[in-house]
Every structure is written in C-alpha cells, then in structure tokens.
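User: Hi! Could you walk me through a few local features of this model?

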Amino acid sequence: MNNTGKRLAFLLEAAGLSCDREAGRILVDSVTADSREVEPGCLFIALSGAVHNGHDYIREAIGKGCAVVLSEKEPASPLEVPVVTVPDTREALGYIAAAFYGFPAEEAVMIGITGTNGKTTSGWLLESVLKKAGCIPGVIGTVNVRFPGEERHGQLTTPGPLELQKILREMVDRGVSHVVMEVSSHALQQKRVNGLNFDLALFTNLSRDHLDYHPDMDAYFEAKKKLFSRYLKSSGTAVIHLETGFSVFGRNDELVENNSTGSRWGEKLSVFLEELNCCRIITCGIGRGEVQAVNPDYSLNGIRAKIITPEGVFYLESSLVGEFNLTNLTGVAGCGFALGLSAEGIRLGLKELKTIPGRLERLDEGPLIFIDYAHTPDALEHVLTTLRPLVEKRLIVVFGCGGDRDKGKRPLMGEVAGRLGDVIVLTSDNPRSEDPENILEDIEKGLSGQPVHRADCGLTYLRVQSEKGVYSIVQDRGRAIKEVIAFSQPGDVVVICGKGHESYQTGRLGTVFFNDRLEAIRALNRVDQTC
C-alpha cells in the first residue's frame with residue numbers, strides 16, 4: 001500500500017479534529033513525533049513527555065523541512081509552516097497513525113491480551129490454536145513481532161502508535177487474518193492503541209508490578225480496564241480469568257496460606273463489564289467459569305485436564321508445566337470458543353505447542369534447569385509453587401530485581417523465595433542506573449524471618465554438604481549461574497528467574513549481550529568437562 005500523500009484534513013478527521021481549509025489541503029508524506037526523524041513533507045506531532053517535550057523541538061523540525069506541525073500550544077510568534085493546535089497531541093497520534101497507514105486493523109480480527117503475567121504464554125498458545133484452525137496469525141508481544149516471513153525483536157511489549165500501525169499494515173499486506181497483541185498497562189495509559197478496536201480481549205490476571213508508574217493497584221487496574229471499556233468493540237468478547245486459590249507449599253512441602261492473588265481482579269472486571277453491558281463475557285478458570293478445567297494432573301512432563309465448555313467437553317494434554325499454565329491454557333480455550341473454533345481444533349492447537357522462550361523453559365540437557373521470566377512476586381510464587389512438589393532434593397532459585405523500577409516488590413520477592421526455595425542466590429537483573437548492591441540489600445530484607453541463613457562461605461564450599469535453608473549473594477549474574485549449576489546435585493531443581501527470553505543486561509555502563517539460557521548451557525558444559 002502507498003502510504004504517502006495523505007491530506008492533512010483526512011488525517012485529522014480520523015482523530016475527530018479539523019483545521020482551516022488551506023492547511024487541510026497539505027499533502028503529508030510521513031508522520032513522526034521524533035524530531036530526529038523529520039523529513040521534507042512530514043507532519044511533526046509535538047508530544048509532552050516525562051523526559052522530553054516535543055514542543056521544544058518544533059523549530060528543529062521546521063528546519064528539517066516538515067510541512068505542518070501538530071501542537072498543544074499556540075506558537076509565540078509566526079512560524080514558516082502551518083501549526084494546528086489541539087488539546088492533546090498524544091490522544092490524536094494513534095488515530096492519525098491509523099489513518100496514515102490506511103486503517104490496517106479493520107482488515108484483520110484484532111485480539112488484545114492484558115494482565116500482569118501470562119500475556120506472552122497466552123499469545124503463543126493462541127497463535128498455535130489459530131494456525132491449527134487454518135488461520136494466518138500475526139503476533140505483537142514481549143518476545144518479538146512475528147508474522148509470515150518475518151520475525152523481529154522490539155523494545156516494548158506494545159509498540160508506539162506509529163510503529164504499531166506500520167507493523168499492522170505489513171501484517172495485513174502479508175495476508176495475516178488474526179492479530180494477537182500483548183497490550184501493556186503503559187500502552188493503555190499512554191494511548192498507544194488509539195485507533196484500534198478489538199474483536200476479542202483476554203484478561204489474564206493482576207498482581208503487583210509497575211507501581212513505580214501507577215500510583216497503586218487500583219490505578220493499575222483502571223489502566224487495564226481500558227482495553228475492555230474503551231477499545232473493545234460493542235460486538236466483541238471479553239474473556240476473563242477468574243482467580244483460583246491454588247495450593248502453596250512451604251520449603252518442606254507443608255501447605256501454607258496463599259495470599260498472592262490478593263483482590264479478585266478478574267471478578268471485579270467481570271462485574272464491571274456486566275454493569276456496563278458493553279460486550280459478551282466468557283469467564284474461565286480452574287474449577288470456575290463457563291470454560292473451566294477440572295481434575296488436573298501435573299508433572300514435570302506437563303498437564304492433563306478435562307476442559308468443560310458450553311459447547312461440550314474435551315481432554316487437554318500440554319507439555320507446559322504447572323497450575324498457572326493451566327489457567328493460561330483455559331483462557332486461550334475460552335478465546336478459541338469466542339472465535340468460533342472447534343473443540344478438537346483448540347485441543348490440538350494447545351497440545352502442539354511444546355515450549356515458550358523463557359517461560360518455565362526446561363533445558364534439554366543436564367540436571368533439571370528451568371529458565372523463567374518471573375519478575376514479580378506473584379509470578380515468582382507461581383513458578384516456585386509449581387516446582388516445589390516436584391523436587392526430590394532441593395529447589396535452587398536464582399533471581400534479582402531490576403533497577404529504576406518498583407522498589408516495593410523487592411522484599412516481597414525475597415520473602416517468596418525464602419519461603420519456597422531451599423537455596424536462594426540473589427544476583428543482578430538489569431540494575432540500570434542503580435547500584436546493584438542497594439537492589440540486593442532491598443531483596444535481602446524480605447529474607448528476614450524466613451527459614452534461611454546467609455552462606456557467606458559461598459556455594460562451592462556448600463556443595464558437598466547438600467545443605468538447605470541457605471542463601472548467598474553473587475552480584476555477577478554469569479558467575480551466579482555458573483556457581484549454582486556447579487553446586488547442584490542429582491535430584492535438585494534449578495530455576496533461573498527474571499530475564500527469561502531476554503538477551504541483554506543493562507547497567508550503568510550501558511547494555512551488553514547476556515542470555516540466561518546460554519550462560520546455563522556454558523556452565524553445564526564446564527561441569528561436563530571436569531567430570
């Protein structure tokens with residue numbers, strides 16, 4: 001599709017805006033909100049940001065040849081190009097981007113997935129189900145953007161409006177029939193999905209995260225709700241996970257109270273949408289909801305369960321591990337039924353997906369080692385609770401917390417690890433501009449009161465003693481993984497959490513290549529060579 005030569009009046013109309021007739025005739029060849037990307041014939045949209053204010057770069061954009069400026073402020077003096085003043089440029093950007101790229105979302109079935117955890121797993125599962133049904137899916141998510149003939153890594157779970165609409169145009173031009181998108185709370189709050197209307201929206205769960213950005217959990221929930229109240233078509237369907245009070249084990253396999261689910265956010269969302277009467281609702285859960293899993297059987301080899309739906313019953317087999325993954329499987333089954341897919345097609349699609357990068361991803365070689373993206377208290381609890389009953393000897397946990405992010409979750413994650421793990425190794429995880437030692441000290445506070453003590457002598461010394469109830473701090477993540485794998489013994493389960501699929505580590509000196517999976521494989525090879 002040729003995206004050049006759009007009349008300004010046409011672009012503004014998509015955002016519910018207008019301008020004088022002369023300015024409206026201007027042909028816009030490109031659109032940007034970044035002054036560095038301005039080129040002749042461009043519409044420059046000045047955004048007010050937390051760090052940079054695009055209004056400070058208007059003259060720079062004009063100097064580079066932009067044809068027209070969209071601004072929230074009247075210019076102090078006349079400028080060489082027309083300036084269209086609007087109340088909120090960020091509100092307008094998504095709609096203008098959609099119009100510039102020819103409203104690509106209208107040419108596909110749009111599926112949005114939101115929630116703290118489970119977005120990526122649900123996206124991979126739904127992609128597998130859609131492929132099995134003969135559809136052509138495209139996926140926009142945390143791990144990557146992928147569609148026929150293309151796979152690329154992105155910076156954000158949900159791209160900015162211009163990049164997002166460009167990707168959607170590429171997808172539909174390649175024949176994509178269904179777009180599966182992870183929609184973050186940041187994207188919803190920042191209006192990145194303006195210009196999109198979803199046919200289906202899935203809510204996975206809500207637990208503590210991003211409270212450096214959202215004032216509190218209620219505000220976080222309000223942001224998530226927008227996917228359903230603002231961006232879901234009135235003819236669309238909301239698929240909602242209903243939280244389940246799953247069994248939680250302590251370090252000696254004793255049952256303890258589970259507080260990780262907190263408020264029943266799925267139920268709150270369901271009630272809210274019922275009162276709003278704005279869409280069809282399908283609830284899902286383990287032993288709850290219209291689409292529910294019953295009689296589950298869990299092992300390190302996967303999950304088996306009976307899935308009951310309004311359209312009948314089928315028997316699920318999946319290679320994914322753990323109760324939290326069964327909730328993801330159940331939610332995707334609900335999405336399948338909302339899309340009118342057959343029970344057999346859904347069953348086969350769920351069964352076919354064997355693994356997901358960095359989501360309780362088991363290494364094929366050596367001892368039982370898992371790589372997982374868990375970087376919130378709830379996600380870490382789900383992972384450790386899943387593995388706890390399957391451990392023969394010790395559950396060894398490696399994790400850290402990111403810098404410049406929600407500091408309040410650090411001791412909470414320490415508490416979870418100390419309660420559920422046998423050996424805990426605290427290490428760095430994208431410290432960014434913070435001192436890694438300060439982050440580790442914050443996590444360590446959560447270990448206070450748990451049945452663990454610090455092993456200052458290091459893991460190498462402890463290896464021969466098969467000791468439990470210890471923790472160590474190894475700031476260098478590569479060294480931590482190496483020591484843990486050398487330390488582990490037959491019957492131990494090692495889980496390396498926090499980064500999952502990521503292949504970088506960001507600190508004060510910048511970003512360097514780092515991948516937990518590759519580090520673990522290298523460490524295994526070193527162990528093999530010394531045997």
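This is a predicted model: local features need pLDDT of at least 70, side-chain atom pairs count only at pLDDT 80 or more; totals for chains, interfaces and linings use all residues.

User: Which residue with a positive phi follows α10?

Analyst: Residues are numbered from 1 along each chain as its sequence is written, and side-chain values use heavy atoms, leaving out hydrogens and water. Helices are DSSP runs of H or I with at least four residues, numbered from the N terminus. The residue with positive phi, near 80°, that follows α10 is Gly-340.

User: How many residues of α10 are buried?

Analyst: Buried means under 20% relative accessible area, with a 1.4 Å probe and protein chains only. By that cut-off α10 is mostly covered, and the count is 15 of its 16 residues.

User: What is the geometry of the pair formed by Phe-100 and Tyr-101?

Analyst: Rings of Phe, Tyr and Trp (its six-membered ring) pair if their centres lie within 6.5 Å; planes under 30 degrees apart are stacked, over 60 edge-to-face, and the rest tilted. The whole structure holds 3 aromatic pairs. In this one the ring centres are 5.2 Å apart and the planes are at 90°, so the pair of Phe-100 and Tyr-101 is edge-to-face.

User: Is Phe-100 buried or exposed?

Analyst: Lys-6 lies over the face of Phe-100, 5.4 Å from the ring centre; this requires NZ of Lys or CZ of Arg within 6 Å of the ring centre and within 35 degrees of the ring normal. The relative accessibility of Phe-100 is 4%, so Phe-100 counts as buried.

Methods. Buried means under 20% relative accessible area, exposed over 50%, partly exposed in between (1.4 Å probe, protein chains only). Helices (H or I, at least four residues) and strands (E, at least two) are DSSP runs, numbered from the N terminus.
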